[in-house]
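The following exercises concern one protein chain. Please work through each task with the sequence and the model at hand before reading the solution.

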Amino acid sequence: MADALFVVLRKVALSLGEGALVKIGTDVVEAAPVLTDFEHGMRQIEGELLILQAFIGQVRAQKAGDKAFHAWLDQVRDVAHEVEDIIDEYAYLTTQAMDTSSFFKRKFHQVKNFAAWQKLLVRISQVEARIQRLSEMRNRYGISVGEQDRSSKLQQSNQFSVSDSSYLTDDSEIVGHAEEIGRLTQWLLEEKQDRTLIAIFGMGGLGKTTVASSVYKNKKISRTFDCHAWVTVSQTYQVEELLREIMNQLTEQRASLASGFMTMSRMRLVEIMQSYLRDKKYFIVLDDVWEKDAWLFLNYAFVKNNCGSKVLITTRRKDVSSLALHNRVIELKTLNYAESWELFCKKAFFALEGSICPKNLTSLAKKIVDKCQGLPLAIIAIGSILSYHALDEWEWAFFYNQLNWQLANNSELSWISTVLNLSLDDLPSHLRSCFLYCSLFPEDHWIKRKQIAKLWIAEGFVEERGDGTTMEEVAEHYLAELTHRSLLQVIERNASGRPRTFVMHDLVREVTSITAEKEKFAVIHGHVGTTQVSHDARRLCIQKSADSQNYLANSHLRSFILFDNLVPSSWIYDVSSRFRLLRVLGLRFTNIEQVPCVVTELYNLRYLDMSYTKVKQIPASFRKLVHLQVLDLRFSYVEELPLEITMLTNLRHLHVAVVHDLQERSLNCFSATKIPGNICGLKNLQSLHTVSANKDLVSQLGKLTLMRSLTIKNVRQSYIAELWTSLTKMPNLSVLIISVSDMDEILDLRMLRPLPNLKFFWLAGKMEGGMLPPIFNKFEKLTQLKMDWSGLNKDPISSFSYMLTLVDLCLFGAYYGEHLSFCAGWFPNLKSLQIADMEHLAQIEIEDGTMMGLHHLELVGLRNMRVVPKGIKYIRTLRQMFLTDMPKELVESLQGSDSHIVQHVPNIHIFDSTDSEAVNNFIFWPHLAKKYGSGATKYDPRK
């Protein structure tokens with residue numbers, strides 16, 4: 001609940017700080033008294049909400065099981081949403097009032113909006129009354145700060161029992177994690193005198209407690225220690241209680257009572273424990289640790305006595321696990337499929353001989369195991385429930401089809417939600433909204449760092465710190481925090497090692513989406529178990545069967561994201577007209593050919609995604625979207641933007657590109673977009689792709705000093721000096737793509753200064769004199785380099801070899817020579833190498849000791865190369881090779897007499913680029929899947 005207040009309070013602060021009266025101007029001076037009253041009323045509400053937020057944060061942990069408290073919280077949430085509606089309506093009206101398209105339209109809106117502003121005052125009065133009633137209800141039902149009540153203690157004891165049940169597990173029932181248990185055993189038995197802190201880290205439900213208990217109960221291990229204790233810390237620990245419980249286990253219970261432990265102060269308990277452990281070799285397990293502070297006093301209590309003592313902690317948080325030595329941390333992973341199947345069968349078919357799955361249930365059982373994605377908690381819970389069901393195919397199919405509903409409503413499965421929700425409830429307000437938003441994406445959709453950051457910013461979830469740090473960087477910090485809390489997993493990193501792609505465990509997503517729907521945060525339609533869409537939902541994600549739903553009355557939506565690309569365009573045009581206060585509109589992959597007319601009336605819009613659509617033109621009326629931050633038109637048919645686009649001064653990211661050749665083997669593989677007019681006003685732009693160069697534009701780029709990523713095409717030599725001067729004014733520029741106007745254009749870069757922070761550089765065009773300019777020796781941070789049609793006469797590999805950070809190297813038609821050499825010691829970090837369309841290249845020499853980490857090799861269109869490079873045999877790390885349009889002799893040699901050279905490479909793909917099906921299978925679909933997840937491959941550009 002506090003997260004809803006957090007977002008609303010941020011919006012209140014922003015709205016009051018924007019000076020709406022100044023922005024609207026003198027034309028609506030008659031509205032001034034109304035707006036003054038509005039601001040006064042909002043300041044009053046802001047104060048009340050701040051107090052409510054503080055109160056909820058103080059008592060929430062104490063009231064975990066209190067139904068009256070949660071019913072009251074629902075009422076607070078409704079009030080917060082009403083305030084948010086008022087704020088966003090206010091923003092909508094003030095922006096509409098600034099629409100200067102015509103004098104008569106402006107006057108019409110002024111008259112019309114004056115009445116609307118008066119209604120806002122009435123709504124504010126109603127909110128103030130509701131807040132007063134909330135305070136009265138809180139007092140009436142005894143919702144106050146104080147000692148935990150009985151229901152809260154009962155709830156807490158129930159949470160402890162989940163951990164205790166893992167502790168009580170019979171070791172014979174444990175499946176998987178044998179390697180981790182073996183390492184733990186080795187560490188606990190090692191003869192090391194220093195006290196050692198060991199950590200087991202991973203998401204909830206992985207079996208951290210089970211693994212810890214298996215070594216704790218191991219007699220061989222326990223005999224090597226003088227004393228041992230196990231204590232569950234949890235989120236609501238009291239240091240004194242932990243110390244007393246540990247002392248009770250280390251000593252005899254009666255002795256501890258006689259010693260008066262129950263009345264001792266915290267510091268006295270620490271002293272007693274230090275004294276007791278001073279000459280003992282002890283083994284203590286701290287299960288379920290949620291924060292570093294828990295270790296503060298315990299660290300002092302667990303004396304460092306050089307007796308070889310061990311402390312083992314289990315935690316969901318990476319920052320807590322960092323308390324241990326870096327080489328004494330085990331990050332627990334999900335079970336593999338074989339282990340998952342074994343565990344499920346042990347639970348579901350324990351009554352059958354050998355716990356073997358009946359043939360009639362095999363298909364359904366495999367689907368259920370797939371759904372659990374290796375999470376032992378879910379496998380055990382679901383398997384145990386199904387063990388009491390009849391071995392009937394229809395009954396199991398019904399259970400599987402209703403699994404999402406079961407997670408939300410079946411009390412026997414509630415402990416899955418309880419365990420997984422502990423992590424959600426532990427999140428601070430600013431992270432909770434961000435994480436709930438992640439549940440909007442479909443099951444097979446990857447969460448991309450840049451995209452989710454833009455969405456969070458558009459929604460107002462990310463704070464602007466004002467210390468030179470961008471909101472995108474703050475959002476990246478939020479992602480790191482969610483990863484450290486084991487709520488998101490990193491599945492892909494970029495060439496610099498930064499996380500690029502994240503995934504949420506499917507069951508975590510299911511449980512989170514249930515919470516999101518319950519709290520009216522968001523609804524996912526097409527999600528199994530969702531039968532209707534509440535008109536109170538703040539966000540709506542359509543995954544399938546979009547046109548089967550009626551969303552008519554929902555004026556509360558802030559995000560509308562459509563993943564159903566089969567829905568007719570007429571439905572999209574109709575439905576998008578009903579979301580007045582929308583901030584995020586996602587229409588990627590949809591079947592639209594023009595921008596819905598109503599889009600330019602969405603005055604609060606921050607994020608608009610029409611990539612991978614058939615949209616051809618952007619209307620001049622886009623000037624009205626003054627709050628727009630992100631406009632994504634990649635893979636659309638837009639080749640020119642209207643002059644009015646330069647009026648959108650809040651734009652942070654502008655992506656427009658018409659792609660002609662996904663293989664990127666031609667100079668014009670994608671088209672540049674023309675932007676008429678002066679772009680100097682777009683000072684908030686951080687990324688701009690792809691823009692067509694002209695004399696004025698290359699000079700104006702120097703005003704965009706926040707730029708981090710830029711693609712500019714149709715560059716001429718006459719522009720280079722001015723362009724490079726502009727680029728040097730962008731201190732954070734890390735991605736740069738430059739392409740010449742045609743194949744005859746020659747670029748002279750010899751006198752240019754290097755760009756110190758460049759990490760990705762793609763340069764397409766001939767180099768003066770057929771030689772690399774000196775700046776290529778000074779790219780100290782470059783991780784990705786692509787050179788196209790450079791016209792080089794000398795082998796460039798030795799020049800690139802100084803780039804020790806290089807991870808990806810692509811050379812397309814860049815070299816006229818016959819021979820390339822890769823010497824020993826070069827490219828220690830290179831992971832991917834592509835060499836293409838060099839018509840004279842006949843030999844690639846690869847010495848033993850070069851490119852020792854290469855994973856991916858592509859040879860494309862090298863029609864004069866008839867011999868397999870023998871040095872490939874030295875690259876033992878190579879995992880895949882792509883050979884496209886290569887000579888028949890080379891392919892036959894590779895498959896015959898020279899097959900031994902590549903026998904260590906597990907994946908070798910050979911195809912002809914004229915085979916459209918092969919291009920789709922090996923290039924287009926993998927491209928989409930890599931960028932957006934496997935679900936994106938449902939999109940078919942040929943339709």
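Two strands pair if DSSP finds at least two bridges between them; helices (H or I, at least four residues) and strands (E, at least two) are DSSP runs, numbered from the N terminus. The model is predicted, so local features need pLDDT of at least 70 and side-chain atom pairs pLDDT 80 or more, whereas totals for chains, interfaces and linings use all residues. Residues are numbered from 1 along each chain as its sequence is written, and side-chain values use heavy atoms, leaving out hydrogens and water.

**Exercise 1.** Determine which strands are joined to β11 by bridges.

*Solution.* Begin with strand β10 (residues 539-542), which runs parallel to β11 and is joined to it by four bridges. Within this pair, Ile 542 has Leu 562 as its bridge partner. Next, three bridges join β11 to the parallel strand β12 (residues 584-586). There, Ile 561 stands opposite Gly 586. Finally, the chain passes from β11 through helix α25 (residues 569-575) to β12 in a right-handed β-α-β crossover (clockwise from the first strand over the helix to the second, with the strands pointing away from the viewer).

**Exercise 2.** State which residues of strand β11 point each way, and whether they are buried or exposed.

*Solution.* Ser 559 and Ile 561 point one way, and Phe 560 and Leu 562 the other. All are buried (under 20% relative accessible area; exposed is over 50%, partly exposed in between; 1.4 Å probe, protein chains only).

**Exercise 3.** How many disulfides are there?

*Solution.* Apply the criterion of two cysteine sulfur atoms within 2.5 Å. The count is zero. For Cys 438, the nearest cysteine sulfur, that of Cys 434, is 7.5 Å away.
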